[in-house]
Amino acid sequence: MATNHSGYLRAHASNFGLIFRFLDAALIFVAHFAATRIVDRPFGPIEVAASALAILGFQMIAEREGLYLAFRGLPLRSEIVRVLGAWLLVIPLLLLVGFASKTSHDFSRLSTGTWFVVAPAFLG
């Protein structure tokens with residue numbers, strides 16, 4: 001009788017990667033919603049669009065940086081630095097799109113700044 005030494009986690013690594021991507025997306029959205037509500041601003045369609053763009057940008061950067069590779073045994077500090085680095089690349093992307101689309105005036109600077117600061121805490 002052959003035994004499988006790869007283990008449960010390794011066998012289901014792709015499923016965990018998908019779950020982590022979904023959780024990251026949800027956490028970015030929740031962080032934006034919370035930041036907007038903390039400063040007592042409405043969370044409307046423009047904020048949903050900004051969240052979607054942030055999620056897309058973060059997912060692409062995180063994938064490029066290998067954040068979703070399964071259980072590589074990296075120290076927690078290293079993973080946190082990589083998550084923070086990916087988020088810090090998303091911020092200029094969002095600012096550039098807001099500037100180029102002339103929609104930056106639709107956003108509260110306080111709620112957006114709060115989101116930029118609290119999102120890494122949610123993701124970390």
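**Starting from one valine**

Modeller: Valine 97 is in helix α4. Keep in mind that this is a predicted model. Is valine 97 buried, exposed or partly exposed? Its relative accessible area is 34%, so it counts as partly exposed. The cut-offs make this plain: buried means under 20%, and exposed means over 50%.

Now look across from valine 97 to leucine 53. The two residues are 44 places apart in sequence. In space, their C-alpha atoms are 9.2 Å apart.

Step back to the whole chain for a moment. The chain has 5 helices and 0 strands. Read from the N terminus, its elements run α-α-α-α-α. There are 124 residues, and 33% of them count as buried. Take the contacts between residues at least 6 apart in sequence: 70% of these join residues at least 24 apart. The chain exposes about 8,100 Å², with carbon and sulfur atoms supplying 69% of that area.

Next, the interior. In soluble globular proteins, nonpolar side chains tend to be buried together. Here, the largest nonpolar core holds 23 residues. Ile28, Ala54, Phe58, Trp87, Val90 and Trp115 have the most contacts inside it. Which helices supply at least two residues each to this core? They are α2, α3 (45-64), α4 (76-100) and α5.

Setting aside residues up to four places away in sequence, alanine 54 touches Ile28, Trp87, Val90, Leu94 and Trp115.

What does serine 51 contact, beyond its neighbours within four places in sequence? Its partners are Ile28, Phe29, His32, Phe43 and Trp115.

Helix α2 (residues 13-38) gives the most to the patch, with 3 residues. Phenylalanine 122 belongs to helix α5 (residues 109-123). Its relative accessible area is 32%, so phenylalanine 122 is partly exposed.

Now turn to charge. Side chains of opposite charge can pair when their charged atoms come close. How many salt bridges does a search of the whole structure find? It finds 2. One joins arginine 21 to glutamate 63, with the closest N and O atoms 2.4 Å apart. Arginine 21 lies in helix α2 and glutamate 63 in helix α3, so this pair ties together parts that are 42 residues apart in sequence. Both partners are partly exposed: arginine 21 has 24% relative accessibility, and glutamate 63 has 42%.

Another salt bridge links glutamate 65 with arginine 64, at 2.8 Å from N to O. Glutamate 65 is partly exposed at 34% relative accessibility. Arginine 64 counts as exposed, at 57%.

Aspartate 24 makes a contrast. This residue is in helix α2. Aspartate 24 is buried, yet it has no salt bridge. The nearest side chain of opposite charge is arginine 21, and it is 7.8 Å away. Arginine 21 is instead paired with glutamate 63. Aspartate 24 does touch Phe58, Gln59, Tyr68 and Leu123, again leaving out residues up to four places away in sequence.

Aspartate 40 is in the loop between α2 and α3. Its phi is positive, about 60°, although it is not a glycine. With 62% relative accessibility, aspartate 40 counts as exposed. Lysine 102 is in the loop between α4 and α5. Its phi is also positive, near 55°, and lysine 102 is not a glycine either. At 66% relative accessibility, lysine 102 counts as exposed.

Conventions: Residues are numbered from 1 along each chain as its sequence is written. This is a predicted model: local features need pLDDT of at least 70, side-chain atom pairs count only at pLDDT 80 or more; totals for chains, interfaces and linings use all residues. Side-chain values use heavy atoms; hydrogens and water are left out. Helices (H or I, at least four residues) and strands (E, at least two) are DSSP runs, numbered from the N terminus. Buried means under 20% relative accessible area, exposed over 50%, partly exposed in between (1.4 Å probe, protein chains only). A nonpolar core is a set of buried Ala, Val, Leu, Ile, Met, Phe, Trp, Tyr and Cys residues joined through side-chain atoms within 4.5 Å. Contact means heavy atoms within 4.5 Å. Lys and Arg count as positive and Asp and Glu as negative; His and the chain ends are not counted. A salt bridge is a side-chain nitrogen of Lys or Arg within 4 Å of a carboxyl oxygen of Asp or Glu. Accessible areas come from the Shrake-Rupley method with a 1.4 Å probe; for residues, only the protein chains shown count as cover.
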